[in-house]
Amino acid sequence: MVPRASTPVGVVLLDKPAGPSSFALVAELRRRTRARTGHTGTLDPFASGLLVLLSGSATKLAPCFVGLDKRYLTDVDLTSTTATGDPEGELLERHAPPSREELEHRLAALRGEVELPIPAASAVKIGGERAYRLARQGVELEMPLRRSLVHALDVITYTGDDVALELHVSSGTYVRSVAAALGGHCTSLRRTAVGPFRVEEADPNRLVPVAGALERLPVEALERVPPAVRTSVLALERDVAAG
Amino acid sequence: MNVAHRPAELERRPRAVAIGMFDGVHRGHRAVVSEVLGRDLTPTVVTFNPHPREVLGYGVALLSTLERRLELLAEIGVEDTLVVAFTPELAALTPEAFAESNVLATGAELVVAGHGFRFGAGRSGSLATFAKLGVQTRQVDLVPGISSTEIRRLIAAGDVRSAAAMLGRPVEVEGVVVSGDARGGTLGFPTANLRVERSLLVPDFGIYAGSALGHRAAVSIGVNPHYGGSERRIEAFLLDYEGNLYGKRVVVELWERLREEAAFTSEAELVAQIGRDVEATRAATRP
């Protein structure tokens with residue numbers, strides 16, 4: 001294991017393009033900085049949008065950054081479902097799209113506190129094995145339900161066959177499950193915000209100071225890391241800047 | 001303005017005391033502080049350093065350094081300021097103990113604070129604590145539309161014009177001039193390379209028009225593509241200035257964001273663009 005540097009310390013906001021895995025972007029940043037680098041929640045390869053990465057000793061603060069609400073934009077094809085809830089999975093079923101009225105009805109049922117099945121093609125472990133691996137082996141899975149809070153679920157555009165949605169959801173909500181519950185699958189997915197951080201702020205060359213990033217987090221999120229750890233990271237950041 | 005770091009350093013006399021962090025001394029803060037001016041009481045401020053959020057590990061992006069905060073308070077007309085060292089022990093004091101030892105001990109007869117000011121263990125102290133201790137109090141309402149959070153958001157987004165309107169003064173970056181790459185000099189535009197405290201909020205990367213030391217300045221805020229030790233660079237080219245600034249503290253005003261940072265295909269192209277930035281800086285107006 002190559003030792004990784006504890007500096008530079010900071011937060012990097014990236015706008016991931018659709019295609020590469022989140023881990024590829026973590027690795028790329030690590031190559032540039034040679035610092036310990038971590039993510040605070042991945043995006044599927046087909047998805048684009050905001051990734052919050054932590055550099056150097058800021059990785060110790062990861063618990064402050066996970067569990068934040070997320071905002072997404074997604075296009076949903078209402079005429080078919082796929083095994084994965086995204087365009088990469090096998091086609092399961094073709095059907096006529098719901099009427100606008102029926103769509104509104106389904107959307108209404110998805111707002112607030114909801115329980116949705118975790119997509120079979122996800123990284124959760126079932127009996128010690130990754131669900132996507134089991135799914136790939138053809139194992140039929142009864143996927144567990146996960147409780148989510150859907151703060152907002154709004155129609156942006158609607159063509160009959162497709163609907164573009166804007167979502168504001170609690171951490172751990174699978175947008176693919178929302179699409180499946182509407183009787184469709186995601187054809188595109190873009191994360192526009194993680195907690196207070198917006199994708200418009202993303203800049204691969206900017207190391208956001210930890211001090212300013214923490215300030216924007218709710219106190220409950222901060223308190224997931226002991227105060228002594230937080231103050232030690234802040235002190236290291238100050239010393240590096242002064243040195 | 002006298003600056004004290006312990007209550008005993010301030011002579012006990014009838015005082016009107018404004019209490020708060022007053023980071024950035026924006027228009028809302030000025031509304032609070034101006035309540036202690038023009039009375040038969042010595043206009044006094046009690047403030048804190050470091051920022052409580054920093055000490056408690058909650059992080060903060062500051063709008064001004066302590067030094068600048070004190071200068072701005074002095075400009076308003078404050079005569080004495082007590083800078084209370086904020087420590088976990090201080091935060092654990094009962095509101096009454098804090099009020100007695102740091103405010104009433106100076107002779108406070110009137111205590112003024114902004115809406116929502118809290119202090120002491122469990123944030124249980126408020127202006128009511130002072131009222132109970134027999135001091136006159138006055139709470140100043142928020143100035144509509146002015147908030148530190150919104151100012152920080154605007155500055156982070158590079159909207160220095162809108163931020164200035166809320167601050168009641170131009171946005172500033174403050175730092176000490178240190179040696180840089182000396183690249184600007186060879187291009188014909190020697191710049192002062194500022195080292196800025198890490199806890200200070202710095203505007204969005206880009207090129208700004210502003211001023212420093214009474215000269216107009218074209219200011220570049222940006223990055224070395226390969227982070228390295230000092231990943232962020234703040235460089236000011238002072239127009240019509242000759243001299244050595246190394247080691248000097250400089251407050252740079254940022255009046256207007258001119259453009260994004262950009263990479264150029266040739267040095268000649270870069271020099272031509274800087275020339276245009278300098279012209280735009282000459283034409284810029286102070287907010």
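Biologist: Quick check before we start: two strands pair if DSSP finds at least two bridges between them. Going by that, how many bridges join S7(B) to S12(B)?

Modeller: There are six of them in this predicted model. S7(B) and S12(B) run antiparallel.

Biologist: And which residue stands opposite B:Val176 in S12(B)?

Modeller: That's B:Arg249.

Biologist: How many bridges join S7(B) to S8, residues 192–195 of chain B?

Modeller: Three, and this pair of strands also runs antiparallel. B:Val176 turns up here too: in S8(B) the residue opposite B:Val176 is B:Arg195.

Biologist: Nice. What packs against S7 from the helices, I mean, what do the buried residues of H7(B) pack against?

Modeller: They pack against helix H8 (160–167) and strand S7 (171–178) of chain B.

Biologist: Which residues are buried in H7 of chain B?

Modeller: H7 covers residues 148–156 of chain B, and the buried ones are B:Ser148, B:Ile151, B:Arg152, B:Leu154 and B:Ile155.

Biologist: Why are they on the same side of H7(B)?

Modeller: Because they cover an arc of only 165° around the axis of H7(B). An α-helix has 3.6 residues a turn, so residues three or four places apart point the same way.

Biologist: What follows H7(B)?

Modeller: B:Gly158 does, and its phi is positive, near 85°.

Biologist: Is B:Phe22 buried or exposed?

Modeller: B:Phe22 is buried: it has 28 other C-beta atoms within 10 Å, and 20 or more make a residue buried.

Biologist: How about B:Asp240, buried or exposed?

Modeller: B:Asp240 counts as exposed, because it has 7 C-beta neighbours inside 10 Å, and the cut-off for exposed is 12 or fewer. B:Asp240 isn't a glycine either, yet its phi is positive at about 55°. Look for B:Asp240 in the loop between strand S11 (232–238) and strand S12 (249–259) of chain B.

Biologist: Okay, peptide bonds. Which residue does a cis peptide bond join to B:Pro50?

Modeller: B:Asn49, with omega at about -5°. B:Pro50 sits in the loop between strand S3 (42–49) and helix H2 (52–55) of chain B. Chain A has a cis bond to look at too: A:Thr7 and A:Pro8 are joined by one, with omega about 0°. A:Pro8 belongs to the segment before strand S1 (10–16) of chain A.

Biologist: Stepping back, how many helices and strands are there in chain B?

Modeller: Ten helices and twelve strands. The C-alpha trace of chain B spans about 70 × 35 × 35 Å along its principal axes. Of the 287 residues in chain B, 42% are buried. Looking at contacts in chain B with a separation of 6 or more, 75% are between residues 24 or more positions apart.

Biologist: Over to chain A, then. What does the domain assignment give?

Modeller: Domain 1 is 10–68 + 195–238, and domain 2 is 70–194. Their centres, taken over C-alpha atoms, are separated by 26 Å. The contact between them takes 16 residues from domain 1 of chain A and ten residues from domain 2.

Biologist: What gives the most to the side of domain 1 of chain A that touches domain 2?

Modeller: S3(A), with four residues. That side of domain 1 divides into nine nonpolar, five polar and two charged residues.

Biologist: Last one: how many residues does the contact take from chain A and from chain B?

Modeller: 22 residues from chain A and 18 residues from chain B. On the side of chain A that touches chain B, the largest share comes from H8(A), with seven residues. The residues on that side of chain A are twelve nonpolar, four polar and six charged.

Note on methods. Residues are numbered from 1 along each chain as its sequence is written. Chains are lettered from A and ligands numbered from 1 in the order in which they are written. This is a predicted model: local features need pLDDT of at least 70, side-chain atom pairs count only at pLDDT 80 or more; totals for chains, interfaces and linings use all residues. Two residues are in contact if their C-beta atoms, placed from the backbone, lie within 7 Å. Helices (H or I, at least four residues) and strands (E, at least two) are DSSP runs, numbered from the N terminus. Ala, Val, Leu, Ile, Met, Phe, Trp, Tyr, Cys and Pro count as nonpolar, Asp, Glu, Lys and Arg as charged, and the others, Gly among them, as polar. Domain bounds come from an automatic or database domain assignment. The arc is that of the directions from the helix axis to the C-beta atoms.
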